[in-house]
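Colleague: I'd like to learn how to read a fold from its coordinates. Could you walk me through one, feature by feature?

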Amino acid sequence: MRTGRSRYLLMLLAATLVPAMGAVHWYVNANNPYIDPDDPVAGKSWLYAFPDLQTALGKADEGDIIWVAKSTPAQPAYYPSVRYPNPNDPDPRRATFRVKAGVKVYGGFRGRDEYTDPNYPYVGESLLSERDPEHNLTILDGDLDQNDQLQYFPYGASFTDNAYHVVIFRNTVAGVQAKFSGFVVRNGHADGAPETEENWLGDDSGAGIMVLEEGSNADSYPLLDRLVLRDNYADRAGAGILIAGAKNIHLANCRFEHNWIGDENDPNLPDGFGAGLAVHPVRGRGVTLQNGIFYNNHIVHGTGAGASIEPSGNSVFANCTFYDNTAGTPENDPNSLAGAFYCPPLAIGYLPSARINNCIVWNNTQPQLGAAVDACFSDVEDGSWWTGSNRRCPNTNISQTPQFRAPAVGNLTLKYVSPCIDTGNTMINNDPNYPLLLQDFTDVNEDGYTNVPMPKEMSYPGWCERPRILIASGQIDMGAYELGTCPGDFDGDGSIGLQDLVLLLHCFGGTCSNYPYDCCFADMNDDATIDLNDLTLILSLFGTECQGLLGGGDSGGGENAMMGQPDPLIEWLLSATPEEILTWYYSGMPPVGGGDR
């Protein structure tokens, strides 16, 4: 029998062996008690996780991995505490989370949880695939004094003591990449001095995340995915994310929401750009963003309230949704106004220098796109501009109301009647040299393969992330979300079966109006509630197979034991009333045999 001391010694031995074996795996959980950072077991497991992310970032070296547990009511966020680049800087607002070259940082874990149910404590995840960033919100917050009054955003004294930059990447190792995934980054407030030779940070930009790369190290950009950038302010550029000087930049599944540039009370500020995302200058092959949401970002006067890339370097945004982004007319160059996405032309004649594929651009300040942005298989409000001779695919776009479910509250998932369903595509004229669906550069599903097409839609809150390509012709939905070509096939396996029914029943009685939008997929009749009407619809389709699907699926019916269930259960489900099925579900779904109900 091992004593507590012997267990401790075993863990101590394991901890001392980790560095010799390669990368160190660090754990962070704000609910954990303080542990001496120099203790050999500190930060090496969920049990002994650091309570502070700053400590793990300071310990981590190239190749290390950091897992971060969710924020909780008791610990609502992680706040930066170490000032950069000078830890002794007298300005407390220089506190930031600085991520070193080659370190991978993942949020969205539940972590060790002894409080939710003391009788059955949760020991924490052991696999990266077990994390759930959409429900286990892991918040990095620039509100250093925790006194923000959000009703006055972006102005007011409560914001002027926030961090200039919540997260900073400034890698110094050429060719070494960091990864940053699964976080909400909010309340950065970059209203400081602009960039100078002495202050290369530029405290007027990059409030949420600042990525600084330069010289031969410009290819050491971080891979950014599954992020939410919200309620960040900057005087000049990149309130959500500013990327400066990097090349070949890849982002995926990122939401930029309610970020703001410019002070209405300060007419001396320069024109701003890229309230959500700003990249300047671009090097190499430019920027790729797959599955992005730009919602309700604002510039007082400037361009590209959603995103701005200067110069573009042949950048591509695929399956993105731009909605309700507003920009005031730039004072220095009124002709450069673009409410959603701006980039300048590469040459005289406004040749397209950036492209949006399978995107939705709606209800932004007009003109919504810069003149040098090309569009393919996209839904663009007032799309008369994309008919010129320089356009790569001028006849593939539409200009029809996209039919979002609840855009006023930021729910940009599609209704089943949307014209954007199955009107996107995966390549231009079936030419593989011009792919419209980007490859999975950031390895968003962590399967080790990055040279394959992006496998999923924008991360749904919850357990239903749909495969992006659903039908054999290669057609996909426009925008960040994939509703699917087959109503009722919620799990995307090619048929309407038991798992789809269980998913709907799980949502029964819920709504689809407010975040998180876990149950919007089950609202089959687009009335914003999951009720008997939806249950009746799925039962009318139960056991059928979707036609034209890649890979097919179970054909259903009484002859096919779906999901491993016995034949009598399928037969009973096909004959039962919606009320009987609800009773069966809420009673714990006991097995049904013979003719019993």
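Colleague: Let's begin with helix packing: are α3 and α4 roughly parallel or roughly antiparallel to each other?

Modeller: Before that, a caveat: this is a predicted model, where local features need pLDDT of at least 70, side-chain atom pairs count only at pLDDT 80 or more, and totals for chains, interfaces and linings use all residues. Residues are numbered from 1 along each chain as its sequence is written, and side-chain values use heavy atoms, with hydrogens and water left out. Now the general idea: axes are lines fitted to C-alpha atoms, for helices over the stretch in contact, and angles run from 0 to 180 degrees between N-to-C directions. Angles under 35 degrees count as roughly parallel, over 145 as roughly antiparallel, 65 to 115 as roughly perpendicular and the rest as oblique. Here the axes of α3 and α4 cross at roughly 180° and come within 11 Å, so α3 and α4 are roughly antiparallel to each other.

Colleague: Which residues make the contact between α3 and α4?

Modeller: Contact means heavy atoms within 4.5 Å. On the α3 side they are Asp500, Leu501, Leu504 and Leu505, and on the α4 side Asp534, Leu535, Ile538 and Leu539. For classes, Ala, Val, Leu, Ile, Met, Phe, Trp, Tyr, Cys and Pro count as nonpolar, Asp, Glu, Lys and Arg as charged, and the others, Gly among them, as polar. By that scheme the contact of α3 with α4 has 6 nonpolar, no polar and 2 charged residues. As for spacing, an α-helix has 3.6 residues a turn, so residues three or four places apart point the same way.

Colleague: And at what angle do α4 and α6 pack?

Modeller: At about 100°, with the axes of α4 (residues 532-541) and α6 (residues 578-586) 10 Å apart. That makes α4 and α6 roughly perpendicular to each other. Leu532, Leu535, Thr536 and Leu539 of α4 meet Pro578, Glu579, Ile581 and Leu582 of α6. This contact of α4 with α6 divides into 6 nonpolar, 1 polar and 1 charged.

Colleague: How many of the residues of α3 are buried?

Modeller: Buried means under 20% relative accessible area, exposed over 50%, partly exposed in between (1.4 Å probe, protein chains only). In α3 (residues 498-507), 7 of the 10 residues are buried, so α3 is largely enclosed by the rest of the structure. They are Leu498, Asp500, Leu501, Leu503, Leu504, Leu505 and Cys507. After α3 comes Gly509, with a positive phi near 90°. Across the chain, buried residues make up 57% of the 597 residues.

Colleague: How many helices and strands does the chain have?

Modeller: Helices (H or I, at least four residues) and strands (E, at least two) are DSSP runs, numbered from the N terminus. The chain has 6 helices and 29 strands. Residues 24 or more positions apart account for 67% of its contacts with a separation of 6 or more.

Colleague: On to sheets. In what order do the strands of the 7-strand open sheet come?

Modeller: Two strands pair if DSSP finds at least two bridges between them. That open sheet reads β3-β6-β9-β12-β16-β20-β23, with parallel pairing. Its edge strands, β3 (97-99) and β23 (341-342), each pair on one side only. Over 2 bridges, β20 (residues 307-309) and β23 pair in the parallel sense, and Ser308 stands opposite Tyr342 in β23.

Colleague: And which strands stand at the edges of the sheet of 5 strands?

Modeller: The order of that open, parallel-paired sheet is β8-β11-β14-β18-β22. At its edges stand β8 (189-190) and β22 (326-327), each with a single partner strand, so one side of each is left without a neighbour in the sheet. Further in, β14 (residues 260-261) and β18 (residues 298-299) pair in the parallel sense over 2 bridges, with Ile261 partnered by Ile299 in β18.

Colleague: Which strands pair with β4?

Modeller: β2 (residues 65-69) runs parallel to β4, joined by 4 bridges, and β7 (residues 179-186) pairs with β4 in the parallel sense over 3 bridges. Lys104 is the bridge partner of Ile65, while Tyr106 has Ser181 in β7. Strand β4 (residues 104-109) is mostly covered, with 5 of its 6 residues buried.

Colleague: Last one: how many disulfides does the structure hold?

Modeller: A disulfide is a pair of cysteine sulfur atoms within 2.5 Å, and the structure holds 0. The sulfur of Cys254 is 9.3 Å from the closest cysteine sulfur, in Cys320, too far for a bond. Cys359 is in no disulfide either, the nearest cysteine sulfur, that of Cys320, being 4.6 Å away. Cys254 counts as buried at 0% relative accessibility, and Cys359 counts as buried at 0% too.
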